[in-house]
Amino acid sequence: MSDDLDGFIAGLPKAELHLHIEGSLEPELMFALASRNGVEIPFKSVEEVRAAYEFSNLQDFLDIYYAGANVLRTEEDFRDLAVAYFDRAAADGVTHAEIFFDPQTHTHRGIPFGVAANGLLAGMAEAEAKHGLTSKLILCFLRHLDEDDAFRTLTQAQPWIDRIAGVGLDSSEVGHPPSKFQRVFDAAGAMGLKRVAHAGEEGPPEYVREALDLLHIDRLDHGNRSLEDPQLVTRLARGGMTLTVCPLSNVKLCNVASIDVHPIDRMLKLGLRATVNSDDPAYFGGYIGDNYRAVARGRGLGRDAIVTLARNSFLGSFLADDAVAAHLDRIDTYCAEAR
Ligand SMILES: Nc1ncnc2[nH]cnc12
Ligand SMILES: [Zn+2]
């Protein structure tokens, strides 16, 4: 029995669908890996790193995020990174996660694709054995790089393709519309991969339309600026498109003025299948539980809305139908016992 919403949120089974594993690199692990690998970092202390995490837009953040990833060198580093994330996620009631990684961030520094992929897959297997937490891996293309580079990355991924659930599109949005990646997304689709894309985080509603019409996305990452276009909202709602919304990220990157005015409840009222996720928890001040608690408090959400968000996370996952049903049953059981 739990009357307090924080406790209810912590125990509620949930999926995380928008998590950049490189964005879960906590300063403590950054220092440990820097020392293990003999890599210099431009900070003297963990406190100094955290103090640098003040961003006025996406690019401010990305510059620091790509620099931080430089300490990741070996399979063991990627495994440790993943295990640390899954331990935090499991403590937050996450029972399934679909995580992004940015292979080009590593291959461009001479770290082979397989070092990142093998390390992350090892961490994923460990999380399942340790916590019963299942996961899938999504390869993101960096949209500030060109189409050829994305194609090269898809080629490098071939030996691991049966262990990769889908492709995504991230990094600097404005000026790099989805249309730039239409052909590589077509190729990924032909390989049977799922397709997701960041769109409408900073970019206009038109980018969301392109992601739908040209990239044929199965899920929309962020999507906030869709709200500026009522016809687009209707289309997304009628099509049952899942939006992976990241409330603390939106505030930290100044896309939403404060958590008190976050549109998560408006999205639900408009019939959008919105979910709550952490994006880059080490940089944005919170993991998935913190995001749920922030919107619960900031927007006055009650248990019903919280449960809808958790149900949406499984409905929007790439799990098979029977696995989705099993997760939803677990939510029902949890709610009945918490009443
Ligand atoms: N919020 C975000 N938007 C775009 N690219 C990202 N890479 C990591 N986090 C991101
Ligand atoms: Zn993201």
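This is a predicted model: local features need pLDDT of at least 70, side-chain atom pairs count only at pLDDT 80 or more; totals for chains, interfaces and linings use all residues.
The UniProt annotation "binding site", taken from an unreviewed entry, covers His-18, His-20, His-198 and Asp-279. These positions are spread over 262 residues of sequence, yet they cluster in space, the largest C-alpha distance among them being 11.7 Å. The annotation "binding site" of the unreviewed entry also covers Asp-280.

His-198 is part of strand E5, which spans residues 194-199. It has 29 C-beta neighbours inside 10 Å and therefore counts as buried, the cut-off being 20 or more. When neighbours within four places in sequence are left aside, the contacts of His-198 are Leu-169, Asp-170, Glu-173, Asp-221 and His-222.

Asp-279 is located in the loop that runs between strand E8 (273-276) and helix H14 (281-284). Asp-279 counts as buried because 31 C-beta neighbours lie inside 10 Å. Not counting residues up to four places away in sequence, Asp-279 touches two of the annotated histidines, His-18 and His-20, together with Leu-19, Gly-23, Cys-246, Ser-249 and Phe-284.

Asp-280 likewise has its place in the loop between E8 and H14. With 26 C-beta neighbours inside 10 Å, Asp-280 also counts as buried. Its contacts, leaving aside neighbours within four places in sequence, are His-20, Gly-23, Tyr-65 and Ser-249. Of these, His-20, Gly-23 and Ser-249 are also touched by Asp-279.

The shell around ligand 1 includes the annotated residues His-20, His-198, Asp-279 and Asp-280.

Most residues other than glycine have a negative phi. The residue sits in the loop between strand E4 (166-170) and helix H9 (182-190). Ser-171 is buried because 20 other C-beta atoms lie within 10 Å, and 20 is the number from which a residue counts as buried.

A positive phi, of about 55°, is also found at His-216, which is not a glycine either. His-216 belongs to the loop between helix H10 (205-213) and strand E6 (219-222). With 14 other C-beta atoms within 10 Å, His-216 is partly exposed, whereas Ser-171 is buried.

A further feature is the packing of two helices. The axes of helix H5 (residues 75-91) and helix H7 (residues 113-131) come within 7 Å and cross at roughly 35°. The crossing of H5 past H7 is right-handed. On the H5 side, the contact is made by Glu-75, Glu-76, Asp-77, Phe-78, Arg-79, Ala-82, Val-83, Phe-86 and Ala-90. On the H7 side, the contributing residues are Val-115, Ala-116, Asn-118, Gly-119, Leu-120, Ala-122, Gly-123, Met-124, Glu-126, Ala-127 and His-131. The residues of this contact divide into eleven nonpolar, four polar and five charged.

Technical notes: Residues are numbered from 1 along each chain as its sequence is written. Chains are lettered from A and ligands numbered from 1 in the order in which they are written. UniProt positions are given in the numbering used here, feature names are shortened, and annotations may be inferred rather than shown by experiment. Helices (H or I, at least four residues) and strands (E, at least two) are DSSP runs, numbered from the N terminus. A residue is buried if 20 or more other C-beta atoms lie within 10 Å of its own, exposed if 12 or fewer, and partly exposed in between; C-beta atoms are placed from the backbone. Two residues are in contact if their C-beta atoms, placed from the backbone, lie within 7 Å. Axes are lines fitted to C-alpha atoms, for helices over the stretch in contact, and angles run from 0 to 180 degrees between N-to-C directions. A crossing is left-handed if the near helix is turned anticlockwise from the far one by less than a right angle, and right-handed if clockwise. Ala, Val, Leu, Ile, Met, Phe, Trp, Tyr, Cys and Pro count as nonpolar, Asp, Glu, Lys and Arg as charged, and the others, Gly among them, as polar. A residue is near a molecule or strand if its C-beta atom, placed from the backbone, lies within 6 Å of it.
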